[in-house]
Amino acid sequence: QQISWTPLLVLGYLFYLLLGAMVFQLLEKQAETHFRDQFQLEKLKFLQNYTCLDRQALEQFVQVLMEAWEKGVNPEGNSTNPSNWDFSNSFFFAGTVVTTIGYGNLSPSTVAGQIFCVFYALFGVPLNLAFLNQLGKALNAHLLTLERWVQKPGRAQVQLAIFLTTGTLLFLVFPPLVFSYVEGWSYGEGFYFTFITLSTIGFGDYVVGTNPNKHYIPVYRSLTAIWIVFGLAWLALVFNVGADLMERYLQLKWHKSDLSLAEGDTTKLEDEPEQPRIHIPS
């Protein structure tokens, strides 16, 4: 009887989450404490330099800054900052809604906008999934199916390698160079933004076109949104291939384990000497 590999997958999934939690805590908690202490120290210095203010007034001003940031208003600069809701930025925001990226740095503030966003996502997310599905099929048009690639390695492996290499260059390697140049980020920050965006994780700590001190071309964010759509289709296909390979690997391992157990039981039965029959006379 074949043993289900599902419990192993569940345990592996939970272990992966626990491992991630421990590593993130180890890497980030100390830095967070440092930044928090530094911020409190800066507030104390500010109060010492401006004695006309008290702590309560400063805390109220900090609250105003936080509310402005939550509403999508960058506290830096002045009132001449470009609008977050011009057509290019609105097009970019619409893309983050239907792709479920949701950076979190910008959201509708009016009741009408919030209600429209709900229904827009309700129909837009399935439409986006259908579009990405068709786009993924188009990207995969010149590749053989995964089953034939596994069973008959050859030309399909070359095609898959070309597909992965080309997509990696177009969507993960070259775009960070552009973002680094335009946004002033390091290449590592640009690569981080690229992957976090295309994987639809979308933390919102890095978002293109939001620096008030830079002058962007009007179509910059719109072009970025188009790049995101094609990048999503490519990375989703890569993730699907990876998930399929992982499932096949787990099933194969369990199948081999089951065969080994079955062969061991058969050998054991064959090696056991036949027990003598005891004749009990009537």
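What follows takes a few labels in turn and sets each against its cut-off.

Mentor: Bear in mind that this is a predicted model. The protein chain has eight helices and zero strands, and from the N terminus on the order is α-α-α-α-α-α-α-α.

Trainee: Why is Thr224 called buried?

Mentor: Thr224 has a relative accessible area of 4%. Buried means under 20%, so Thr224 is called buried. Thr224 is found in helix H8, residues 220-271.

Trainee: Which residues is Thr224 in contact with, leaving aside its neighbours within four places in sequence?

Mentor: Phe92, Phe179 and Val208. Contact means heavy atoms within 4.5 Å, so each of these three residues has a heavy atom within that distance of one in Thr224.

Trainee: How do you know that the span of helix H7 is close to the expected one?

Mentor: Helix H7, residues 187-198, has twelve residues. The expected span is 1.5 Å times one less than the number of residues, which for H7 gives 16 Å.

Trainee: Which residues in H7 are buried?

Mentor: Gly190, Phe193, Thr194, Ile196, Thr197 and Leu198. Just after H7, Thr200 takes a positive phi of about 60°.

Trainee: What percentage of the protein chain counts as buried?

Mentor: Of its 282 residues, 24% count as buried. The protein chain exposes about 20400 Å², with 66% of that area supplied by carbon and sulfur atoms.

How values were computed:
Residues numbered from 1 in each chain as written. Predicted model: local features only at pLDDT ≥ 70, side-chain atom pairs only at ≥ 80, totals over all residues. Heavy atoms only, no water. Helix = DSSP H or I, 4+ residues; strand = E, 2+ residues; numbered from the N terminus. Buried < 20%, exposed > 50% of the residue type's maximum accessible area, 1.4 Å probe, protein only. Areas by Shrake-Rupley, 256 points an atom, 1.4 Å probe, with all protein chains shown as cover.
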